[in-house]
Amino acid sequence: MGIVSWIVLGLLAGGIAKFLLPGRDPGGLIVTTLIGVAGSFIGGWLSAKFLDKPIQTEFFDLTTWGAAIAGSLVLLIGYRILFGNSRR
């Protein structure tokens, strides 16, 4: 997969993570989607490095999507823990 497809995957994974964790995010939609992009990269790297599940080159691979969504969820939860009370 190229860098553009990773960004698209990250945007979609961020949207799915936001759907799975509803509520107000301190950064809004743009920060949530950027967290999704970063989460997809981190989730893919962790999956390949520690779980011995290398990321496939196909865009519609279930392992790739699972790693991207899991990474996005972890970053979104961490972001809410760190910055959740700063916006009222």
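Residues are numbered from 1 along each chain as its sequence is written, and side-chain values use heavy atoms, without hydrogens and water. Because the model is predicted, local features need a pLDDT of at least 70 and side-chain atom pairs count only at pLDDT 80 or more, while totals for chains, interfaces and linings use all residues.

The mean pLDDT of the protein is 77, and 82% of the residues score at least 70; pLDDT is the predictor's confidence in each residue, from 0 to 100. Among the elements, α3 has the highest mean pLDDT (83) and α2 the lowest (79). Helices are DSSP runs of H or I with at least four residues, numbered from the N terminus.

The largest pocket holds about 180 Å³ of space. A pocket is an open set of points on a 1 Å grid over the protein atoms alone, where a 1.4 Å probe fits, with protein on both sides within 12 Å along at least five of seven lines; lining residues have an atom within 4 Å of a point. Volume is the space filled by probe spheres set on the points, which are joined across faces, edges and corners. The lining comprises 13 residues, with Gly43, Leu46, Ala67, Ala70 and Gly71 nearest the centre. Two or more lining residues come from each of α2 (28-50) and α3 (62-83), and α3 gives the most, seven.

Helix α1 (residues 3-20) supplies six residues, the largest share, of the nonpolar patch, and Val8 lies in this helix.
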